[in-house]
Amino acid sequence: MDAIADSLVLLRRAAVIAVQIDDALRGTELNVDRWRALEFIQSNPGCSMAEVIDALVVSPTSATRAVDALVEVGAVFRAPAPHDRRRVTLQLSAHGAALLRKVQPAILRTCLKYGVSSD
């Protein structure tokens, strides 16, 4: 295959997996973007919105909506940065950690179903 065809296959596979993860998250307070943001914030405590935007590779509006929704349900909280009170950081709450633990088995099943490894 050429590079364009390979890229299209990869993008299609990513879209299929995103839909399946969305289905696995149904009935929770999460969707794919919220879950991805929550995972990133858990792995990067004290991160900024700019870092979330870069990590998720989504528009600033989409990232802000996802984080706002996480703040609204109490999964994430915003706090001033310790060394620069003008900067806002994002922190995972106990509820956010519990949400991630709750959805992890369904996410793992979906990943395994599509041959996505945790390596």
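1. Let's start with Ser 93, which is buried, at a relative accessible area of 14% (buried means under 20%, using a 1.4 Å probe and protein chains only). This is a predicted model, where local features need pLDDT of at least 70, side-chain atom pairs count only at pLDDT 80 or more, and totals for chains, interfaces and linings use all residues. Residues are numbered from 1 along each chain as its sequence is written, and side-chain values use heavy atoms, leaving out hydrogens and water.

2. Where does Ser 93 sit? Look in the loop between strand 2 (88–92) and helix 5 (94–113); helices here are DSSP runs of H or I with at least four residues, strands are E runs of at least two, and both are numbered from the N terminus. Beyond its neighbours within four places in sequence, Ser 93 is in contact with Gly 74, Ala 75, Val 76 and Phe 77 (contact means heavy atoms within 4.5 Å).

3. Now for the largest nonpolar core, which has 25 residues. A nonpolar core is a set of buried Ala, Val, Leu, Ile, Met, Phe, Trp, Tyr and Cys residues joined through side-chain atoms within 4.5 Å. Leu 30, Trp 35, Leu 38 and Val 52 have the most contacts inside this core. Helix 2 gives the most to it, with six residues.

4. Not counting residues up to four places away in sequence, Trp 35 touches Ile 21, Leu 25, Leu 30, Leu 100, Val 103 and Ile 107.

Terms used:
Buried < 20%, exposed > 50% of the residue type's maximum accessible area, 1.4 Å probe, protein only.
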